[in-house]
Amino acid sequence: APDLFIVFDRVNSTDASYPKTWLYHTAAEPQIKGLEFSETSRGGKSICRTLFPKNAVYEKIGGPGRQFWSDGRNWPLPKLTPEDWGYNKRHLIPDDQWPLLGQWRMEVKPGKEAQNDYFMHLIQVGDESLSKLPKTETFENETSMGVEFKYGEKKYHVAFDKTSDFGCKITLK
């Protein structure tokens, strides 16, 4: 099954001062090391490396009282009773401590304001023995940006189009 992913997002705005943030939600507290973070929970592990922006700034948000933090406050799950909103006891609503809702997130922001921002992340998932991502080399020019890496017995060259709404070319070397 696939266990290595590249996520690429283009974010364009008319005003460079408009804040742009890429989010990654986790069940347990993420651990940060350079421009990588990892999370281990329930027998599994994920590792995420920020490839772009090169000047990324990380902010870790979550934990008790901050699981659903937004706009300067926590937005906890409502406490429902059978009389609320047609709530039925057969459909259990978990409490705020349930590990698969909210809990933690990593926010990745560009280090400086720009009208056009590009977010590229390499993510690998596996069991708790997962220890490191493949080595990567990034590239960028006027029309494309991407990453090269070796995985298994193959070397991949993945180039994303910067000038259109979509476009990606994957070459095996």
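Aromatic ring pairs come to a count of 6 in this predicted model. One of them joins Trp-22 and Tyr-24. A pair of aromatic rings is described by two values, the distance of the centres and the angle of the planes. For Trp-22 and Tyr-24 the centres are 6.1 Å apart. Their planes stand at 20°. Planes under 30 degrees apart count as stacked, so this pair is stacked.

Are these two residues buried or exposed? Trp-22 has a relative accessible area of 9%. Tyr-24 has 16%. Buried means under 20%, so Trp-22 is buried, and Tyr-24 is buried too.

The two rings also belong to a cluster. Ring pairs link Trp-22 and Tyr-24 with Phe-37 and Tyr-58.

Next come the charges over rings. Which residue lies over the face of Trp-69? It is Arg-66, at 4.3 Å from the ring centre. Trp-75 has an arginine over its face as well. Here the residue is Arg-73, and the distance to the ring centre is 3.5 Å.

Now turn to the strands. Strand 11 covers residues 136-140. Strand 12 covers residues 144-151. The two pair in the antiparallel sense, over 5 bridges. How many residues lie between them in the hairpin they form? There are 3. Within this pairing, Thr-138 stands opposite Val-147 of strand 12. In a regular strand the side chains alternate between the two faces of the sheet.

Methods: Residues numbered from 1 in each chain as written. Predicted model: local features only at pLDDT ≥ 70, side-chain atom pairs only at ≥ 80, totals over all residues. Heavy atoms only, no water. Pairing = 2+ DSSP bridges. Helix = DSSP H or I, 4+ residues; strand = E, 2+ residues; numbered from the N terminus. Phe/Tyr/Trp six-rings, centres within 6.5 Å; stacked < 30°, edge-to-face > 60°. Buried < 20%, exposed > 50% of the residue type's maximum accessible area, 1.4 Å probe, protein only. Lys NZ or Arg CZ within 6 Å of the ring centre and 35° of its normal.
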